[in-house]
Amino acid sequence: MVIANVITMGADLIAMGAAIQLLTGINFIYWIVPLAAVMACFTIFLDYRVISKYMLWLVAVFATYILAAFLARPNWSDVLRSTVVPHVELNAGFLLASVGMLGTTITPYLFFWQTSGEVEEKRGVQRLSRSKLDIAIGMVWSNVTAFFIIVATGAVLFTHHAQIRTAADAARALEPFAGRYATALFAVGIIGAGLLAIPVLAASAAFGVAGLAGWRRGLGRKARNAPQFYVVIGLAFLVAMELAISSVDPIKALFYSQVIDGLIAPALIVLMLLITSSRKVMGDFVNGPVTKAIGWAATGVMVLADIGLVYQVAKNGLPG
């Protein structure tokens, strides 16, 4: 999980730099260190309540992807048909993308971030219904956003066979078909997504490592009260920054980091289901039959996708 998080952070830093370059004309490489430094300072030195409010407002930036999708003028009948009846191919390329999609939807770092966030906010069981509502709204909004990203990129990139090497290429590709406003909206969305994701990725990596090692942890603690926790956050930013200023391919890095997430997520889901289905651990808050059924069904789908991918790669190798 930590490896996937740090790779994703590095790719996101490149994407943000490229998007700012698209808007300002200043080479992306000059933005990497300032962006990493500002976000590291926010994550390490600001109070958790300030960070959570800042992140909550950033979520609104994702509406730019919805506008970009409409400006791309897709064939909506094709979109609806493909949404209901997806095209499936049993080959390494398709399965690789499928596992990556699953890995970025049920992503491992969320298990650490969400549970740690509940502890930070000290809601307790008395406010469990509020937590459920927050989580449900967040999950729906993130998946709606993902849907419109797929629509926008499918309408512009796939149908016109555009070659994409950076996030700025994706934003720039919208301009001939959707106008300069769509390009600007997509670029702003990339920057906002990075500002939201990178601190979460760094913190969730630190929560995982600190939990494993038994260190004190929490964004609500001062750095002097949880030094190891904040050292992990700092190291995550440093390694991600090094990746960003190296010659790493950001699109491939982002893609394969999500494939890693898709491969390790089923193990975490199984552990989570076993814990939350144990009355000895959960008491009256044990999973109900519907939650268990959905959880094990999701696990089954991910395990089958992982097995299919491993089989295809072992048989035919990675796609070019």
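Thr107 sits in the loop that joins helix H6 (92-105) to helix H7 (108-121); helices here are DSSP runs of H or I with at least four residues, numbered from the N terminus. The model is a predicted one, in which local features need pLDDT of at least 70 and side-chain atom pairs count only at pLDDT 80 or more, while totals for chains, interfaces and linings use all residues. Residues are numbered from 1 along each chain as its sequence is written, and side-chain values use heavy atoms, with hydrogens and water left out.

Thr107 has a relative accessible area of 3% and is therefore buried (buried means under 20% relative accessible area, exposed over 50%, partly exposed in between, with a 1.4 Å probe and protein chains only). Leaving aside residues up to four places away in sequence, Thr107 touches Gln258 and Asp261, where a contact means heavy atoms within 4.5 Å.

**Aromatic pairs**

A pair of aromatic rings is described by the distance of the centres and the angle of the planes. Rings of Phe, Tyr and Trp (its six-membered ring) pair if their centres lie within 6.5 Å; planes under 30 degrees apart count as stacked, over 60 as edge-to-face and the rest as tilted. The structure contains 6 aromatic pairs. Two of them are tabulated, among them Phe147 with Phe148.

| Pair | Centre distance | Plane angle | Class |
|---|---|---|---|
| Phe147 and Phe148 | 5.3 Å | 85 degrees | edge-to-face |
| Phe207 and Phe229 | 5.0 Å | 55 degrees | tilted |

In the edge-to-face pair, Phe147 is partly exposed at 29% relative accessibility, whereas Phe148 is buried at 13%. Ring pairs also connect Phe147 and Phe148 with Phe70 and Trp76 in a cluster.

The tilted pair spans two helices: Phe207 belongs to helix H11 (residues 180-213) and Phe229 to helix H12 (residues 227-245), so the pair ties together parts that are 22 residues apart in sequence. Phe207 is buried, with a relative accessible area of 5%, and Phe229 is buried at 0%.

**Salt bridge**

A salt bridge is a side-chain nitrogen of Lys or Arg within 4 Å of a carboxyl oxygen of Asp or Glu. By this rule the structure has 1 salt bridge. The side chains of Asp78 and Arg81 form a salt bridge with an N to O distance of 2.3 Å. Asp78 and Arg81 lie 3 residues apart in helix H5 (residues 76-84), so about one helical turn separates them. Asp78 has a relative accessible area of 32% and counts as partly exposed.
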